Amino acid sequence: CIRDSLVLVRTRRLGRVGDSPASMHVFNHAITYVPGMDLFLDGTAEFNGSRELTSMDQGAQALIVQDGGTTRWVTLPIDSPDDNTLVQEFSVDLTGKEPVVTGKITASGSDAVYYRTSLEDPERRDEVFGKQLARNFPGAQLVRATYSDLSELEQPVTITFTFRGGDLLRGSAARRFVYPMGAPRDLLGAYASQSRRDQDLMIRVPFAKSTTTRYVVPKDRAFGDPPAPTKLENEFGSVEVRYTRKGDELVAEVTYSIKVQRIPASRYAEFRTFMAAGTAALNETVEVKDER
């Protein structure tokens with residue numbers, strides 16, 4: 001027999017109240033707490049594993065109602081970046097008329113929930129995943145994909161795939177180039193688009209993303225000198241970009257993270273500056289030259 005307790009939750013979107021709520025009406029949700037495992041379980045989250053607390057619960061105020069009616073006021077736990085990881089590997093063949101990309105995605109935590117939810121229907125799975133690729137790589141056409149068992153909620157989601165196109169070689173005949181992640185990325189627009197804030201900024205969940213992109217060009221082309229490695233890190237997160245070039249091959253390794261759930265309004269300008277620097281690092285390009 002596993003003992004558990006009712007937990008009344010005030011989800012994050014409602015904001016915070018004082019530590020002594022005067023009414024049960026401040027709560028809008030209920031989950032379960034298992035004391036023996038120090039584990040909060042949200043039975044309404046059908047695509048989450050037992051260790052994947054929903055973003056609306058994380059950091060929320062809650063009241064644990066124990067046997068006998070005693071209560072305990074708590075703040076629900078917040079994930080670390082390592083709980084929500086997305087690892088991507090791309091091999092980009094630029095030797096033909098259009099790019100051909102083989103890849104693998106391994107998603108844990110909130111990213112796994114995203115794929116389990118969006119790819120739930122096996123009849124439409126390739127269609128939906130193809131559109132997801134095309135949002136990141138405009139014009140990408142999915143050739144094939146295989147998926148891990150999305151019903152295994154305690155396991156990461158793994159997807160292997162091949163697609164064509166995707167505009168991975170940019171520019172014109174005068175100057176061709178590639179991005180370290182295959183396409184531009186805008187951390188500033190995604191997480192700090194406002195010039196200023198009067199209220200704290202809430203990030204959905206802390207996360208970490210890692211992408212390795214391996215480019216191969218034909219023998220009559222070569223990569224120019226890549227940018228110097230970049231490493232940015234502070235209490236808000238980290239961004240690192242580094243390159244390895246060997247003959248007709250270029251490998252770009254990118255990692256970035258946001259470590260916190262809440263950025264105080266008083267520090268938003270610092271966070272925005274960090275996001276701008278990260279965006280600049282992710283959008284430095286490497287030239288692809290014709291060999292003479």
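These are my notebook entries on a predicted model of one protein chain.

**Ground rules**

I number residues from 1 along each chain as its sequence is written, and I work with side-chain values from heavy atoms, leaving out hydrogens and water. Since the model is predicted, local features need pLDDT of at least 70 and side-chain atom pairs count only at pLDDT 80 or more, while totals for chains, interfaces and linings use all residues.

**Overall**

I began with the secondary structure and found four helices and 19 strands in the protein chain. Helices (H or I, at least four residues) and strands (E, at least two) are DSSP runs, numbered from the N terminus. The C-alpha trace spans about 80 × 45 × 25 Å along its principal axes. Of the 292 residues, 45% are buried; buried means under 20% relative accessible area, exposed over 50%, and partly exposed in between, with a 1.4 Å probe and protein chains only. I then looked at contacts (heavy atoms within 4.5 Å). Among those between residues at least 6 apart in sequence, 66% join residues at least 24 apart.

**Cores**

I looked up the largest nonpolar core, which has 52 residues. Such a core is a set of buried Ala, Val, Leu, Ile, Met, Phe, Trp, Tyr and Cys residues joined through side-chain atoms within 4.5 Å. Tyr 115, Phe 129, Ile 159, Phe 161 and Phe 271 touch the most other members. Helix H4 (residues 268-282) gives the most to this core, with six residues. A second, separate core has 11 residues, including Phe 40, Ala 62, Val 74 and Leu 76.

For Phe 161 I listed the contacts beyond four places in sequence; among them are Phe 90, Val 101, Ile 105, Phe 129, Leu 133, Leu 142 and Arg 144. Phe 161 is buried, at 3% relative accessibility.

I also checked helix H1 (residues 110-118), where the buried residues are Ser 110, Asp 111, Ala 112, Val 113, Tyr 115 and Arg 116. They pack against strands S6 (85-93), S7 (100-107), S9 (157-164) and S13 (207-216), and against helix H2 (125-136).

**Aromatic rings**

My search of the whole structure gave 14 aromatic pairs. Rings of Phe, Tyr and Trp (its six-membered ring) pair if their centres lie within 6.5 Å; planes under 30 degrees apart count as stacked, over 60 as edge-to-face and the rest as tilted. Phe 27 and Trp 73 are edge-to-face, at 6.0 Å centre to centre and 65 degrees between the planes. This pair links distant parts of the chain, 46 residues apart: Phe 27 is in the loop between S1 (5-10) and S2 (29-34), and Trp 73 is in strand S5 (residues 71-75). Phe 27 is buried at 13% relative accessibility, whereas Trp 73 is partly exposed at 24%.

Phe 161 and Phe 163 are a stacked pair because their ring centres are 6.2 Å apart and their planes are at 15 degrees. Phe 163 is buried, with a relative accessible area of 0%.

I next looked for charges over rings (NZ of Lys or CZ of Arg within 6 Å of the ring centre and within 35 degrees of the ring normal). Arg 125 has its charged end over the ring of Tyr 147, 5.6 Å from the centre. Arg 185 lies over the face of Phe 137, at 5.9 Å from the ring centre.

**Asn 48**

I located Asn 48 in the loop between strand S3 (39-41) and strand S4 (61-65). Asn 48 counts as buried because its relative accessible area is 14%. Its side chain reaches the backbone oxygen of Glu 52 at 2.7 Å. Leaving aside neighbours within four places in sequence, Asn 48 is in contact with Leu 53, Thr 54, Val 113, Arg 116 and Leu 153.

**An open sheet**

I traced a four-stranded open sheet with antiparallel pairing, in the order S10-S11-S19-S14. Two strands pair if DSSP finds at least two bridges between them. The edge strands, S10 (170-171) and S14 (221-223), each pair on one side only. Strand S11 (residues 176-178) is joined to strand S19 (residues 286-290) by three bridges, and Val 178 has Val 286 as its bridge partner in S19.

**Positive phi**

Most residues other than glycine have a negative phi. Asp 38, in the loop between S2 and S3, has phi near 45 degrees and is exposed at 53% relative accessible area. Asp 167, in the loop between S9 and S10, has phi near 55 degrees and is partly exposed at 38%.

Note on methods:
Polar contact = N/O pair within 3.5 Å; in protein donor to acceptor, adjacent residues only side chain to side chain.
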